[in-house]
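Here is a short briefing to read alongside the model. Have the sequence and the 3D view at hand as you go through the points.

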Amino acid sequence: MTCPGERNGVGSAARGQQEFQPSFNPLWDHDCDLETFEQALAAARKARPAAEALPHLQRALAAYGGDFLDGLTAGEWAQERRAELRRSFESAVLASGRLH
């Protein structure tokens, strides 16, 4: 990877400057299934009357693309987060079924 203005892959580290560190700016337009899932669940929890939660639950269910970091070895923290998200998904499935 080269930085804008760099040529031939020779980065600023080669010139004695700090190496380029890519970063993510959450203010940029982006789509994140985890973010969508959690935001939809939060909206469903706040919905009143309860029947108003259904569209939010449906959005959460559609955003859930499977287990968190499935297939990657990321450590115990990822396994815990994966289990937490799976429980949230299962609860959303049940809640959605009750509201249909």
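How many residues does helix α1 have, and what distance does it reach from its first C-alpha to its last? This is a predicted model, and in it α1 runs over residues 33-46, with 14 residues reaching 20 Å. That span is close to the 20 Å expected at 1.5 Å a residue.

- The buried residues in α1 are F37, A40, L41 and A44.
- These residues cover an arc of only 100 degrees around the axis, so they sit on the same side of α1.

**The chain as a whole**
- Three helices and zero strands make up the secondary structure, and along the sequence the pattern reads α-α-α.
- Of the 100 residues in the chain, 22% are buried.
- If you look at contacts between residues at least 6 apart in sequence, 43% of them join residues at least 24 apart.
- The chain has an accessible surface of about 7,700 Å², and carbon and sulfur atoms account for 52% of that surface.

**A look at L69**
- You will find L69 in the loop between α2 and α3.
- L69 has a relative accessible area of 29%, so it counts as partly exposed.
- Beyond its neighbours within four places in sequence, L69 is in contact with A74, W77, A78 and R82.
- Between L69 and R81 there are 9.4 Å in space, C-alpha to C-alpha, and the two are 12 residues apart in sequence.

Conventions:
Residues numbered from 1 in each chain as written. Predicted model: local features only at pLDDT ≥ 70, side-chain atom pairs only at ≥ 80, totals over all residues. Heavy atoms only, no water. Helix = DSSP H or I, 4+ residues; strand = E, 2+ residues; numbered from the N terminus. Expected span 1.5 Å × (residues − 1). Buried < 20%, exposed > 50% of the residue type's maximum accessible area, 1.4 Å probe, protein only. Arc of directions from axis to C-beta. Contact = heavy atoms within 4.5 Å. Areas by Shrake-Rupley, 256 points an atom, 1.4 Å probe, with all protein chains shown as cover.
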